[in-house]
Amino acid sequence: MKILVTGSGGMIGRKLVERLVADKMLGGKPITSLTLVDVVDSPIPPGAPKDTRPIVTDFSEKGVAATLVQDRPDVIFHLAAIVSGDAEANFEKGYRINFNGSWALLEAVRLESEKSPYKPRFVFASTLAVFGPPFPDPIPDDFALTPGTSYGTQKAMTELLLADYSRKGYLDGVGVRLPTICIRPGKPNKAASSFFSGILREPLAGQEAPLPVGDEVRHWFASPRAAVGFFITAATLDTAPLGTRRSMTMPGVSATVGEQIAALRKAAGDKAVTLIKRVEDPFVSQIVKGWAGRYTAELAGRMGFKAEKNFDEIIKVYQEDEMRP
């Protein structure tokens, strides 16, 4: 089985590749090659198939998508994107990468399929930002896509393309609407949601962390480990029950910032909590106001997707995966 991963140099991309290499199989078939694509170098885990190749390139540049699918990968994990805050601040860049680049990749698959039979599983990393206010509580699976940000709009448009290309038989698409991934290892990124991880990750390491919103803000979370599981499930499930609706809201943990802090206190004590510093950030606060905090995720649950049950579990996953000597 040949696998293409875009965004393979990012945090989730790296963890997904590590999981694929460790499993050596996907859907009961041996993985024979991995093509890893990002604008930065993608690390190759020990034990990777000998035909694994990292490609440093911008997938949205003209002609690149066609070269990425010319080997006809059986599964395409499309994770490459710029994050929410960057997409909102850089309008043209957001559309070029998050929408035009994704469309070019879908088109490359279509053109390849018209040469001779070819129908890969195409797993797309989408977002809960495809939904916009006013929200019901919780948001059901069939809630309309009414994004309130450029990032959410770009992802929603790609979801529609994914469904249409699947309907036409050019590919077999599954859209994975990720919760906010927490706790993200490493340094903060430009995502507006970055502080959700920062207020836990930094105090656990004995460092101060800014908090730009109030304790009452509620959000929907899953760990990096759960996110990798989402992509593996999306690549291997039977898509027939999905029909024409190819994108699903993933399960997660609904928690307020205050509940996050309470879980931190339970895991690391009051000293860690005192490292959280209240700051004002109108840009982030305005974006966060457009997010909901609860989702039903019933379809994904029926299809076998799983996440943590509470925030204590999310912190435990981080400690196990990132903090062990």
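Here is a short chat about a predicted model.

Student: Anything to know before we start?
Tutor: Residues are numbered from 1 along each chain as its sequence is written. In this predicted model, local features need pLDDT of at least 70 and side-chain atom pairs count only at pLDDT 80 or more, while totals for chains, interfaces and linings use all residues, and side-chain values use heavy atoms, with hydrogens and water left out.

Student: OK, how many residues of helix H6 are buried?
Tutor: 11 of the 11, residues 194-204, so H6 is largely enclosed by the rest of the structure. Buried means under 20% relative accessible area, exposed over 50%, and partly exposed in between (1.4 Å probe, protein chains only). Helices (H or I, at least four residues) and strands (E, at least two) are DSSP runs, numbered from the N terminus.

Student: And what comes just after H6?
Tutor: Glycine 206, with a positive phi of about 80 degrees.

Student: New topic: how many salt bridges are there?
Tutor: The count is 22, where a salt bridge is a side-chain nitrogen of Lys or Arg within 4 Å of a carboxyl oxygen of Asp or Glu. One of them joins arginine 201 and glutamate 202, with their closest N and O atoms 2.7 Å apart. Both arginine 201 and glutamate 202 are buried.

Student: Which residue does arginine 294 pair with?
Tutor: Aspartate 137, in a salt bridge of 2.9 Å, N to O.

Student: Is aspartate 137 buried or exposed?
Tutor: Exposed, at 54% relative accessibility, whereas arginine 294 is partly exposed at 33%.
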